[in-house]
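Here are my notes on the model you passed along. Have a look at it first, then read on.

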Amino acid sequence: MDKGTARVTVWFEAPFWVGVYERTWNGRAELCKIRFGAEPKDYEVYEFLLRNWGRLPFRPSTQEESVCRPVRNPKRMQRQVQRELRQGVGTKAQQALKLQQEQRKQERKQADRERKAASDLHRFARRQSKRKAKHRGH
């Protein structure tokens, strides 16, 4: 009886998401590397495999080839995630809008500070003139 297994592994390899489809049939292992653009969902990967099964370029695997995602240091991954979160998530357009919003916020704060300083000077001048008026002898 023929026995076969299949396995798909998907991981992020900057700047693309990469999938390796491994199938074993009668003791022979074959690999196919698939490059996705954006992060694929499970059902999208499955649908892709069903649609393109006949056209996938399988090749025999060698012992040196690693099918699994390379093991990364968890602390390094955590630092990378924090760096990306600080940088901001979204498209370049969304990041540009966020930057404009931050600039407007800074300009508004600066204008409010100037307005408050002018108001304080005006109030101080009014108080001084009242004090001088009291001492004139009227």
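The points below go from the overall picture to the individual helices.

1. Keep in mind that this is a predicted model: local features need pLDDT of at least 70, side-chain atom pairs count only at pLDDT 80 or more, and totals for chains, interfaces and linings use all residues. Residues are numbered from 1 along each chain as its sequence is written, and side-chain values use heavy atoms, with hydrogens and water left out.

2. Confidence first: mean pLDDT (the predictor's confidence in each residue, from 0 to 100) is 84 for the chain, with 89% of residues at 70 or more.

3. The order from the N terminus is β-β-β-α-β-α-α; helices (H or I, at least four residues) and strands (E, at least two) are DSSP runs, numbered from the N terminus. Of the 138 residues, 14% are buried (under 20% relative accessible area; exposed is over 50%, partly exposed in between; 1.4 Å probe, protein chains only).

4. Helix α1 (residues 42-52) buries Val45, Leu49 and Asn52. They sit on the same side of α1 because their arc around the axis is only 90 degrees (taken from the directions from the helix axis to the C-beta atoms). These buried residues pack against β1 (4-13), β2 (16-25) and β3 (28-36), while the face turned away carries the exposed Tyr43, Tyr46, Leu50 and Arg51.

5. Helix α2 (residues 74-87) is another story: the count of buried residues among its 14 is zero. At its start, a side-chain oxygen of Asn73 comes within 3.0 Å of the backbone nitrogen of Lys75.

Technical notes:
Contact means heavy atoms within 4.5 Å. A polar contact is a pair of N or O atoms within 3.5 Å; within protein, one must be able to donate a hydrogen and the other to accept it, and residues adjacent in sequence count only if both atoms are side-chain atoms.
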